[in-house]
Amino acid sequence: MEATYPGMQVLLANNLMMAYNQAEAGQPKFAFVEDGFTKLPEFEMMMALFSALDIRWVSVMDNQTSTPARRSSPLLDVGAGIFELTKSDHPRAFSQYFDMMVRAPRRNQPATMNKSASGSANAAPGSDKIILIGSSTGGVEALRSVLVGFPINCPPTLIVQHTGKNFGRGLVSLLDRVCPAKVSAAEDGMTIAPGNVYVAAGQPRHMGLTPRKPLRTRFKDGPPISGHMPSVDALFMSAVPMAKHVVATILTGMGQDGAQGLLELRRAGAKTFAQDEKSSVVYGMPRVAWELGGAQQQVSLARMAGTLIQACKT
């Protein structure tokens, strides 16, 4: 490969965490991905990074009889430009795909948000509202879509995203690339403030809010709730005492985490939403929230950011 493309560096990774770190640091133009990696739940983070950095990639199967991961993965079904090759394919096939993809111009230049100069013209007026978001499968891309539409001084926003324990920091870095506001990994005792987004993902404790002002993040030990740690339900339930100041939504994901908490928030006076079926990668958590009565409105992903910000103004 290096002889065919002089000056090109080839990086190898034998696990997904190493591959993610190398891709984030090196921003390669192309990646061959073992099909087994694409079957891991954490590969959602890898796909989001590839998308953010405009990295082309090819899924390589073990042999001709393997079942491609994308046949059973809703995440891969929404991907674009994914090719399935087998290790027994002629090496020329790899070379052809590589040459076609690596020499194509990038659709966009990977960029980091200039937070000091972005979003001020569209900033929301002062508000005493807070935004709570829960998401799972498909949520990484959904969160990127939502946060890019937030103003630089958005209401304090707390997020619980189901992801692997080693990928929390990567998720924060990924979201901070696109969000005008500051995105940080949530820690115990943080005072929440406008213009900040706090993310709990992969932590071994549940995130919630303290009941008294100034509002602070609170992390508690305990068993999984609704099958997850941290849990969306734990975050939502902790905010019930201040529900009239809460705008909450559930995005794409499997299971029912957050549905009961969203219902309790709505009953206590919060404004509540759920992502609609058409725009959800997995219409599980939003469906349960809607059918249970927790969400007062279903909203498409494209309209979610504007809906949440507008709800904070009224």
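This report walks through the fold, the cores and a few individual residues of the chain.

## The model and its overall make-up

What you have is a predicted model, where local features need pLDDT of at least 70, side-chain atom pairs count only at pLDDT 80 or more, and totals for chains, interfaces and linings use all residues. Residues are numbered from 1 along each chain as its sequence is written, and side-chain values use heavy atoms, with hydrogens and water left out.

The protein chain has 11 helices and 12 strands; these are DSSP runs numbered from the N terminus, with helices being H or I of at least four residues and strands E of at least two. Of its 314 residues, 52% count as buried. Buried here means under 20% relative accessible area, exposed is over 50%, and partly exposed is in between (1.4 Å probe, protein chains only). Take the contacts in the chain (heavy atoms within 4.5 Å) with a separation of 6 or more: residues 24 or more positions apart account for 73% of them.

Strands count as paired if DSSP finds at least two bridges between them. Thr249 is a handy landmark: it stands opposite Ile133, and its bridge partner in β11 is Phe273. To get from β10 to β11, the chain passes through helix α9 (residues 259–267) in a right-handed β-α-β crossover. Right-handed means that, with the strands pointing away from the viewer, the path from the first strand over the helix to the second runs clockwise.

## Helix α10

In helix α10 (residues 285–292), Met285, Pro286, Val288 and Ala289 are buried. Seen down the helix axis, the buried residues fall within an arc of 165°, so they line one face of α10; the arc is that of the directions from the axis to the C-beta atoms. They pack against β4, α8 (232–238), β10, α9 and β11. Just after the helix, Gly293 takes a positive phi of about 95°.

## Two nonpolar cores

A nonpolar core is a set of buried Ala, Val, Leu, Ile, Met, Phe, Trp, Tyr and Cys residues joined through side-chain atoms within 4.5 Å. The largest one has 50 residues, and Met46, Phe50 and Val197 are among those with the most contacts inside it. Helix α3 (residues 43–53) supplies the largest share, 9 residues. Met46 is in contact with Leu16, Ala19, Tyr20 and Ala23, leaving aside neighbours within four places in sequence.

A second, separate core has 30 residues, including Ile130, Ile192, Met207 and Ala270.

## Cysteines and Ser184

There are 0 disulfides, a disulfide being a pair of cysteine sulfur atoms within 2.5 Å. For Cys154, the nearest cysteine sulfur is that of Cys179, 5.6 Å away. Cys154 is buried at 0% relative accessibility, and Cys179 is buried with a relative accessible area of 0%.

Ser184 is found in strand β6 (residues 182–185) and counts as buried at 16% relative accessibility. Leaving aside neighbours within four places in sequence, Ser184 is in contact with Val172, Met190, Val197, Tyr198 and Val199.
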